[in-house]
Amino acid sequence: MLNHNKSNLAGQTYSRFSQVKAVIQGVEPIDYFFAKEMLSALIPASTALSSPSEPDSSSHLYHLFLALSASLRAGHSCLPLTAVADQHWGRGYTSPVNADSKTDEVIDQGVTHPGFVFATLTQLHAMVSALTIGAQDQQLLVLHHNNLYLRRYFQFESDLEQAIKTRLVVQCQYDNDDIAQCIEALFPNTEEEQGGASGEIDWQKVAVANAINKNFSVIAGGPGTGKTYTVTKLLAALVILEDNNLEEKSMAEKELTQQDAPMLNVALVAPTGKAAQRLSESIVKAIKDFTGEIDNKVLAQIPTQAQTLHRLLGVLPNSPNFRHNEDNRLAYDIVLIDEVSMVDLPLMTRVFRALKDHAKVILLGDADQLPSVATGSVLADIAPRPHGGFSAANEQYLSQVCQLKAQQLSDYFTANKGVNAAIEAKGSYRHNAHFDYLSFLVKSRRFDGKGGIGLLANAVINGDVKRSWQLLVNAQKQALQKQSSQIPAELSMAQGELSQWLAPLVKQYYQPIEKCTTVSEAFALLAQFRVLCATRQGDYGVERLNEIIKDYLGKNNSPFGQHQHSLYHGQPIMINENDYRLGLYNGDIGIMWSVVDKEGKTHLMACFEDNSCQEKSREESSFNDSALESLTSESIVNESKDIDDKTLAGTVSTSIPPQGVRQILPSRLPKFESVYAMTIHKTQGSEFSHVAMVLSQTHGEQQNLQKGSKLLSRELLYTGITRAKKQLTLAASQGVWQQGVTTQVKRYSGLTINVLQP
Ligand SMILES: Nc1ncnc2c1ncn2[C@@H]1O[C@H](COP(=O)(O)OP(=O)(O)OP(=O)(O)O)[C@@H](O)[C@H]1O
């Protein structure tokens, strides 16, 4: 009956990692140990895995565990059996082989890893099902809709799905007529009116109306499409409607409410300190823009101070858990989260677990950007493009409150059906699904559509290799013709060696940093320009480019060479790991700056902008503030004695930290590195006036460097391109560009299926 016993377990066939590595391409030690442990934990418990006529189930299961581990490493939340069933998995070649144009013999000659051929879907399903014995909530593995999960990720997905669904059935507390009135007041001159009979739909207006009556909503759109602008109007609408509701309450009740708390208890949140800072700035700007248009009393009630998700949840040092959770909920009534593409599945689920059941959640983000570094692709899963359409009831509601023409919304979605049908054919679009909670903003206010950056970003995200490359070539031709023009072109291609194109940019943007009179000025200059790389290693990776730029700046022989990191005045740095005690987080940017203490001594300090400072000051009970003080600016003591005062002479600019700048002794910093160049992954949530994006120059090099989710993909290129506000300089060969634009990041997840079920 059993076709497995201890002696024929594949786990024993591979008694060392080197053996698996020789068979399966791309496997890592963690996969080997994971598979081994899973096999020994699960198989002894099973009594009948397969019959003699069926394939050796233990070998298949062993390889399935290897594939599951590799899948989790790559950021997928599960492994669909369909992705491996009947497939030759882990087969590797010396060089990319085009199977259509080569004979089997030639292909076989190039094989470096033989790989493993998996059984059929039905057989794999039976093998895995046989494992899932015992109490359901204790099984290590879960098989759901043919997706194989580790229990914990299945739990994250189902909890998140449940929390979203719970919110979607909550009845709206506002009257439709009040909503309509409010919308009319906030959008006096709508685009559909301006557009005449064939008027365009004002998606900002629709997005506001769509989010008002739901306890969960997503507003998705590319850079500059007005997500923050729209959401500020949404907050204004909620203030007005809440005020209306209050008017209708009895005076006694009204007084009680007014005394007790602000009317709307709103949390503005973003995944990183930088993104939180940008959200605050954008809301402040939007409020300023609305002054005169919207009642000042309403504007005054809109919060402007954003915080990070970690701060919202309350970090517990040395623990993956947070202070706020299902047993200690947050008090907020409305939670607005920006840059959601960066939020991973476990973190998003933890946020929902920590919220009150009735808390309204509004998510903002660009679903075309790279998914989160860690597991999951929450935003892309719940905001698939193009929009799949609204339910009839939602269309009716939106038409009424936005005063749209009858059928205007359904006509729009019908017109987009062609695209949807194509997507449906590929299996990523679900017929009958309604996306009532989802609004897309489509018109970029930052890029007018004629400038190169917006057009290039669009062509890339639509996978149009030809058009995207042509845009770059044309831009280059135009740049050559207009060399004398004072206005720099939005797009340009880097020409020649690095020294020819990069050195002038370093001179223009990085060299003046150390000459700035204040560190705030230095931060402003640093925000102007960044070199973005696809990889860390390699000739065109972050590490090498940082060294080259330091060479151009003459900083590789720094007078502070004795320091671990050879620090110098004006050096931009990026923190590479979280330090909760100091309130510094992976990705935070600082500048090394020379300061003079009260006694006139000069010290090199790591300076960080305002946001981390505000974050810190909001730290609650578990953090000992006096401990922090002893680590920061107040205690500039002996630690930096080894800095040579003479070498600092002439570069020292300030003795008192400017407001909103926090100083930390370099010796106290967690891991950090110079940040003239940074990976595209790390720039999510940031923007620069000018970006130079550098890709590896050959297929071979790129293939050697890319791993798992770090693939050169259209999402990576799109994210890099859209970090540029005014100018983009690209250094890439046509082949590598083509490879990137044709590759799409796809994260396996069951979230889409579950959330979108009608
Ligand atoms: N309807 C509008 N009318 C006029 N200006 C607008 C409108 N919508 C947005 N803007 C302006 O366009 C710019 C970009 O808007 P906003 O910052 O809200 O976009 P975003 O989608 O949040 O951008 P990102 O996420 O890329 O920072 C802002 O200057 C904003 O004032």
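The residues of the shell around the ligand comprise two nonpolar, seven polar and four charged ones. The model is a predicted one. The shell has 13 residues, and those that come nearest to the ligand are Pro223, Gly226, Lys227, Tyr229 and Arg445.

Two helices, α11 (227–248) and α13 (273–290), each supply at least two residues of this shell. Helix α11 gives the most, with three residues.

The UniProt record, an unreviewed entry, places the feature "binding site" at Gly221, Gly222, Pro223, Gly224, Thr225, Gly226, Lys227 and Thr228. Two of these annotated positions, Gly224 and Lys227, are taken up in turn below.

Gly224 is located in the loop that runs between β8 (216–221) and α11. Is Gly224 buried or exposed? Gly224 counts as buried because it has 20 C-beta neighbours inside 10 Å, and the cut-off for a buried residue is 20 or more. Residues up to four places away in sequence not being counted, Gly224 touches Ser444, Arg445, Arg446 and Phe447.

Lys227 belongs to helix α11. Lys227 is buried too, because 24 other C-beta atoms lie within 10 Å. Which residues is Lys227 in contact with, leaving aside its neighbours within four places in sequence? They are Ile219, Gly221, Leu364 and Leu441. Gly221, one of these contacts, is itself a position of the annotated "binding site" in the UniProt record.

Key: Residues numbered from 1 in each chain as written. Predicted model: local features only at pLDDT ≥ 70, side-chain atom pairs only at ≥ 80, totals over all residues. Near = placed C-beta within 6 Å. Helix = DSSP H or I, 4+ residues; strand = E, 2+ residues; numbered from the N terminus. Nonpolar A, V, L, I, M, F, W, Y, C, P; charged D, E, K, R; others polar. UniProt positions renumbered as here; feature names shortened; annotations may be inferred. Buried ≥ 20, exposed ≤ 12 C-beta atoms within 10 Å, placed from the backbone. Contact = placed C-beta atoms within 7 Å.
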